[in-house]
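These are my notebook entries on one chain.

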Amino acid sequence: MSSPYGVVSSYVIFDVTASGAGIFTILYTTGAGTCQVIDTLIITVNPPLIADVGSDSVLFCFGGDIQLNGTASGGDGSYTYAWTPNIGLNDPTSANPTVAGINTTRLYVLTVTDSLGCPAIDSVWVKENPAILLDAGQPESLCYEDTKQKLATASGGTETISLIS
């Protein structure tokens, strides 16, 4: 904005996304001749921070556990990790916590923060399969030409039950 007395206010928009990573110098000038004022601003744009949990979904057997695999790259320096929710996690501030005892399917979100406070997020669905109950019945003796079939009963789990004889 201008007035008869010179510049009253001005601004510069610096587009971080368009500039990419690097060090940039912005030179400000105002006035003319002996009344000219110059100032500079140095802006450092760090590489983008990336959080990665690998696969979008994982599963484990009832009563077992599974380790989540969080990684970070880019950004600036050291990283902190925060998994939410912390239900079933042995250490929600670890990059690679272990999940156990959730008895359901749950979305875990990893937030990675670099030393400048810049965040990045990724998530993974974790499923603990239901308990498998299998009953092969009582021991039996069958005659050689007996046509009686012995059947086991199974429930729970998510896979097909196979008979191995």
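Entry 1. The pairing of Tyr-81.
I looked up Tyr-81 and found it opposite Val-112 in strand E11. Strands are DSSP runs of at least two residues (E), helices are runs of at least four (H or I), and both are numbered from the N terminus. Strand E9, residues 79-84, runs antiparallel to E11, and six bridges join the two. I count two strands as paired if DSSP finds at least two bridges between them. Further along, Thr-84 has Val-109 as its bridge partner in E11.

I note the basis of the model here. It is a predicted model, in which local features need pLDDT of at least 70 and side-chain atom pairs count only at pLDDT 80 or more, while totals for chains, interfaces and linings use all residues. Residues are numbered from 1 along each chain as its sequence is written, and side-chain values use heavy atoms, with hydrogens and water left out.

Entry 2. The other partner of E11.
I then turned to strand E12, residues 119-128, which pairs with E11 in the antiparallel sense over nine bridges. Arg-106 has Val-126 as its bridge partner in E12. E11 and E12 form a hairpin with four residues between them. In that turn, Gly-117 has a positive phi of about 90°.

Entry 3. The sheet.
Which order do the strands of the open sheet have? I read it as E6-E12-E11-E9, four strands with mixed pairing. E6 (57-60) and E9 stand at the edges with a single partner strand each, so one side of each has no neighbour in the sheet. The twist averages 25° from one strand to the next; for such angles, axes are lines fitted to C-alpha atoms (for helices over the stretch in contact), and angles run from 0 to 180 degrees between N-to-C directions.

Entry 4. The two faces of E11.
I went along E11, residues 105-114, and sorted its residues by face. The covered face holds Arg-106, Tyr-108, Leu-110, Val-112 and Asp-114. The uncovered face holds Thr-105, Leu-107, Val-109, Thr-111 and Thr-113.

Entry 5. The core.
Which residues have the most contacts inside the largest nonpolar core? I listed Leu-68, Trp-83, Val-99, Tyr-108, Val-112, Val-124 and Val-126, in a core of 19 residues. E9, E11 and E12 each supply at least two residues of this core. A nonpolar core is a set of buried Ala, Val, Leu, Ile, Met, Phe, Trp, Tyr and Cys residues joined through side-chain atoms within 4.5 Å. Buried means under 20% relative accessible area, exposed means over 50%, and partly exposed is in between (1.4 Å probe, protein chains only).
I also checked the contacts of Val-112 (heavy atoms within 4.5 Å). Leaving aside neighbours within four places in sequence, Val-112 is in contact with residues including Leu-49, Ala-51, Thr-71, Tyr-79, Tyr-81, Cys-118 and Pro-119.

Entry 6. Loops.
I found Asn-69 in the loop between strand E7 (65-67) and strand E8 (71-73). Asn-69 counts as partly exposed because its relative accessibility is 47%. Its C-alpha atom is 5.4 Å from that of Val-53, 16 residues apart along the chain. Not counting residues up to four places away in sequence, Asn-69 touches Asp-52, Val-53, Gly-54, Ala-95 and Asn-96.
Pro-85 lies in the loop between E9 and strand E10 (98-100). The peptide bond from Thr-84 to Pro-85 is cis, with omega near -10°.
Asn-103 is in the loop between E10 and E11. Its phi is near 50°, a positive value in a residue other than glycine. Is Asn-103 buried or exposed? I put Asn-103 down as exposed, because its relative accessible area is 53%.

Asp-39 is in strand E4, residues 37-45. Leaving aside neighbours within four places in sequence, Asp-39 is in contact with Ile-26, Leu-27 and Tyr-28.
Ala-154 is in strand E14, residues 153-156. Ala-154 and Leu-133 are 21 residues apart along the chain, and their C-alpha atoms are separated by 5.5 Å.

Entry 7. The whole chain.
Of the 165 residues in the chain, 17% are buried.
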